[in-house]
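Me: I would like to go through a protein model with you. Could you please begin with the terms we will need?
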Amino acid sequence: MAISDVAAYAHLTPEEVEQIGRELDAIRTEIEESRGAADALYIRRVIRAQRWMAASARIGMIVSSPMDKRVRRPVVAASGVMLGLAKILENMEIGHNVMHGQWDWMNDPEIHSSTWEWDTGQPAEQWKHSHNYIHHQFTNVLGYDNDIGYGVLRMAREQKWSPAHLGQPVYNALLALLFQWGVALHDLDLEAIRKGEKDPKEMKRQLRQIAEKGRNQFLKDYVLYPALSGKHWKDTLKANATANLMRNVWAYLIIFCGHFPDGALHFTEEELEDETRAEWYLRQIYATANFEGGPLLHLMSGNLGYQIEHHVFPDLPSNRYSQISGRIRALCEKYDIPYTSGPLHRQYGQVLRTVMKLSLPNHMTKDDRPPTGDDVEVAHGRIRHEDRQVRRTELGAWSRTG
């Protein structure tokens with residue numbers, strides 16, 4: 001069941017927990033002091049490559065319009081796949097990480113968390129609040145972190161079951177296919193709206209913001225670029241839809257594999273009581289999971305195969321996570337802390353099994369997670385209290401603009 005005291009669960013003394021915090025702080029300081037030209041060159045090259053990929057894909061769809069069908073369709077299909085890869089790269093390695101403030105130290109106004117707007121349905125401002133602050137601050141704390149199932153899925157045994165959860169396998173498939181739109185609605189906090197706890201003025205402001213961003217995304221992919229292809233606009237529209245589908249499913253897969261395999265544990269709100277910085281570090285390690293792969297897989301996943309490293313140091317450059325991972329693994333071994341990692345297919349297999357099992361009441365299934373000694377149950381998606389802790393500065397900036 002959920003953990004109420006991470007230090008006690010890990011069988012660590014207060015002195016050991018604080019020493020872990022000091023060692024992780026030392027890693028942070030070392031990486032911060034070594035950031036430089038090579039890191040800046042890395043992100044600029046990734047952005048340049050992504051823009052060339054997107055531009056080449058768009059141009060390929062347009063110039064292929066007058067071609068013979070036997071040539072046009074393979075060109076459009078290849079362009080659609082390239083556009084999908086470009087969207088994945090922009091969302092995962094660029095947009096997500098830029099908005100975390102990983103590159104703010106460069107003082108480049110074009111690559112800064114305060115100015116970046118990404119190619120997906122959720123406005124950047126809302127993403128930075130729901131993700132940078134809520135999710136990274138309250139990672140896997142039941143009733144606080146709305147990423148536990150995104151308000152749609154029951155992903156923890158402590159969440160109350162209802163007959164509606166029998167449809168969870170279908171909800172899961174729809175969430176994967178329509179992921180950008182599910183994320184677009186995420187910061188609205190649908191549970192708070194259902195309970196009448198959402199400020200109506202704030203809800204209307206957010207809805208207007210989402211509608212404007214969604215309209216622009218729809219017009220770009222399904223009106224403007226298809227229109228530029230002339231009489232073969234349907235081929236371009238299908239290619240753009242394929243690209244968005246690729247990005248949606250991939251983003252869903254990567255995010256779920258970092259948060260819901262067997263080794264990623266959940267916590268009760270008691271864990272937040274007087275939680276120190278070192279205990280926050282420890283909770284991030286217990287709440288997340290890595291997956292293994294080569295450099296290309298990590299690049300296309302936004303380096304979120306190093307999800308543990310990302311949650312411990314969310315604002316450090318993503319290209320450094322591979323360098324950091326060995327040191328965090330060694331630290332975990334030193335203090336006998338689990339470092340959850342495995343092949344991508346195995347991690348998702350565990351996620352899918354959890355989705356299926358938790359569609360049923362607890363008494364009909366077996367709990368595969370390690371016992372914690374805490375026996376609690378919380379309402380699905382219970383509203384969390386944002387004023388519980390002072391926001392940690394490394395979580396990235398966010399604001400509520402009028």
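Reply: Buried means under 20% relative accessible area, exposed means over 50%, and partly exposed lies in between, using a 1.4 Å probe and protein chains only. This is a predicted model, in which local features need pLDDT of at least 70 and side-chain atom pairs count only at pLDDT 80 or more, while totals for chains, interfaces and linings use all residues. Residues are numbered from 1 along each chain as its sequence is written, and side-chain values use heavy atoms, leaving out hydrogens and water.

Me: Is D119 buried or exposed?
Reply: D119 is buried, at 17% relative accessibility.

Me: And which residue forms a salt bridge with D119?
Reply: The partner is K220, with the closest N and O atoms 3.1 Å apart; a salt bridge is a side-chain nitrogen of Lys or Arg within 4 Å of a carboxyl oxygen of Asp or Glu. K220 is partly exposed, at 22% relative accessibility.

Me: How many salt bridges does the structure hold?
Reply: The structure holds 19. A network of them links R58, K87, D119, K220 and D221.

Me: What about D68?
Reply: D68 meets R70 in a salt bridge, at 3.1 Å from N to O. D68 is partly exposed at 43% relative accessibility, whereas R70 is exposed at 71%.

Me: New topic: how many disulfides are there?
Reply: The count is zero, a disulfide being a pair of cysteine sulfur atoms within 2.5 Å.
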